[in-house]
Amino acid sequence: MDFLNAIILLLNYLFVPALSYGSQLALGAIFVSLIYGILRFAYFTAGDLMSFGTMFTILFTWYFQSLGINLGFLPTALIAIPFGIIVTILYVLLKDKLVFSYYRTKKSPPVMLAMVSIGTMFVTQAIVRIIIGPFDRRFFDGEKFIIRANEFKEMTGLNEGLAIKSTQVITLFVTIIVVSILFWFLNKTKTGKSMRAYSDNEDLALLSGIDPKKVVMTTWLIAAILATIGGALYGLDKSFKPFTYFNNMLPIFAAAIVGGIGNPFGAFLGGYVIAFSEILLTYAYKKFFVYLLPESLEPDGLLQLLSTDYKFAVSFSILVVVLLFRPSGIFKGKVL
Amino acid sequence: MRNNLDVIAAYSIMLGLIILVGFLQSWSMALSILCLCLISAVMTIGANIQWGYAGLINFGIMGYTALGGLAAVLVSAPPVEDAWKAGGLDMLICAFIIFSMILIIRLVLQKFSKSKNRNYIIAAVIIAGLILLRLISAPAIESIEAINPATTGFLGGMGLPILFSWIVGAFFAGGLAYVIGKIALGLRADYLAIATLLISEIVIAVIKHEDWLSRGVKNVIGLKRPVPYEIDLQGKEWFINLVQKFHQGSLNLISDNLERQQALKQLVIESSTVFVKLCFAGLFTAVVIILLIVTQKALYSPWGRMMRAIRDNEEAANAMGKNVVKQHLLIFVLGSAIVGIAGAMMVTYDGLFTPGSYRPMRYTFLIWVMVIVGGSGNNFGAILGGFAVWFLWIEAAPIALFLINFFTSGLEETNALKVHLIDSIPYFRFLMMGVGLLLIMRYRPKGILPEKIKRV
């Protein structure tokens, strides 16, 4: 019984939150990785693009709510996401036309493009803050929990409850669907294959008649879709605040690099690596061992490896270690 | 002279703008803009050494700034004796353990050849060291933080004049840069950018949460200034006489004696803040000028030529027998040390240390905008960038207000759009920075004052 309790405890506080946070990071990391592979620069606007997409999702959610449209027990934001995606796509394409295409045709070095993306980061951040303001916003509606801790306790008769938020389940489902479609697209369709070819060797790809404009446009489309979905899911699960989204850029980059930048599948797994290690290293294991060990051996301290304040620091340290020992990432992306 | 015409023109315009603020808004405001412009200039000199001379991207500027600030606290804050008694010894032991860990690891690296076993030994040393550190430091930290947490709760500093911290800050930042450089300088440019950005976040996380060292988010206030305090000045005979002399004309116009005294008192209060800021501006200008002379000399020395050669073609420079790795590390440390000075200067100017206020937008990316807008590779350009961008950053709000009022003049005062726009004025500065950066990168990619290479 104590063993079961201990397992449920870990599931409740470690596994479920890490899984949903990891999915949100993974969506971001995939598009950062794609942009890196195909457009060949570090896209510093990543976090702010996510907040841009989320902002429009929120605006559409409010609009639908004012019309009285809702999805019952599901959050209204789910119907707003496609509209948010459309606006974000228009925005990235406009940005590409006005800003990035110039440097691409000029074949500027990647550093230059990274700097330019800092410029667009400032602009995007300004747009988001001017339109919706810098405040914390919650836009979740519908049923909050799928299983409540109390219900679970009654159901199983265990001491520990397992609470599963509906947003966590939605996050997981949406991520699985989106990522499978994406990998199907990259591996099976002609456009996807040409994207991978372009990423592997630009000159050869051009030689074999692949249209670079189409490849670049598809990349931006995917980036906008993933950014909006990832951002909206994060916002549903926690809350929407532009500054947090900007900060999320850092673990996203860490995930992309840990997984092997330029390799979408690596980035996908990298998201989970980062999320799990952040939560595993900052969780206080005291209660877990109280269940497992006999009373005489009960630990005194919290048994916490690092205080939760260092959450971000964990992912960055992993990144540094990976960069040192395996610069191409765990799952072999582009070699540095 | 003629070659430098653009420099002179640009700086005159900049100075004119600041003086304009003095006339239009207030002299106190103009001087505080000037002081922060000077601090920004020091930062941009540091960033420019790394990016302009050597082509290294350092997105960790925020971390070095914060370390410089921490140096200011550790140098000038009075020591908290009770805290030292409670846990000082244990913390010293911890420092000793860290030091010996590093020594052991170095020894292992030297003595053993590269193998799996070596890695295991190193990992074991690190893990054992961390556990030992944890066991010793945890109770010590608790007892240090328990001592009068509302006012101290940390070990305090050394109680020395804060000016020393400018040098100590440079050493702190340089030391960190040495470690980071050893780890990360082998990476490709944009990886280096990301790695330094993340490491600077770690630095901030440590400073924010190690309360025994820096009081963390509880902030350290009331650091001693190197210049006189306003209150003291207002009581000084010579200062009142000075103000009287300065405003003789306008004071004489007031016939009533009592009223004249009142007016004088008001003037003394106003002038005291201006005087204090003038002192600061003088100190900062001295730093900027010294740094400028040194960096200019370095830029046109054989060493500077070598750096540019490495920047423009690493392989060729390497083939000529230049040690690229060593030079990169050197310039990384030097540039970061200068940023550390700026961090200490900033805390000196504010008189307080607020770890929560270090954000990458303000302390990393804004500095980069300054360097790129001003002109990378050219010290005068970088300093000008520091001035111009900081000026715009502060004056963005009034400019945005003016523009919004201008474009929405047809709308009523209560119009929802107009009210919303006026509410979000603070965020227009981001827009201006972004658009400014994009425009400069597109149409003048070398910055306002581009790099000039003297042919000898």
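Two residues count as in contact if their C-beta atoms, placed from the backbone, lie within 7 Å. The model here is predicted, so local features need pLDDT of at least 70 and side-chain atom pairs count only at pLDDT 80 or more, while totals for chains, interfaces and linings use all residues. Residues are numbered from 1 along each chain as its sequence is written, and chains are lettered from A, with ligands numbered from 1, in the order in which they are written.

Chain B splits into domain 1 (5-79 + 156-443) and domain 2 (80-155), with bounds from an automatic or database domain assignment. Their centres, taken over C-alpha atoms, are 34 Å apart. Seven residues of domain 1 of chain B touch eleven residues of domain 2 of chain B. The domain 1 side has three nonpolar, two polar and two charged residues (nonpolar: Ala, Val, Leu, Ile, Met, Phe, Trp, Tyr, Cys and Pro; charged: Asp, Glu, Lys and Arg; polar: the others, Gly among them).

Between the chains, the contact takes 35 residues from chain A and 33 residues from chain B. On the chain A side, H4(A) gives the most, with 14 residues; helices are DSSP runs (H or I, at least four residues), numbered from the N terminus. By class, this side of chain A has 27 nonpolar, six polar and two charged residues.

Then there is helix H7 (residues 190-200) of chain A, whose buried residues are Met195(A), Tyr198(A) and Ser199(A). Buried means 20 or more other C-beta atoms within 10 Å of a residue's own, exposed means 12 or fewer, and partly exposed is in between. On the other side of H7(A), Lys190(A) and Asp200(A) are exposed.

Technical notes
Helices (H or I, at least four residues) and strands (E, at least two) are DSSP runs, numbered from the N terminus.
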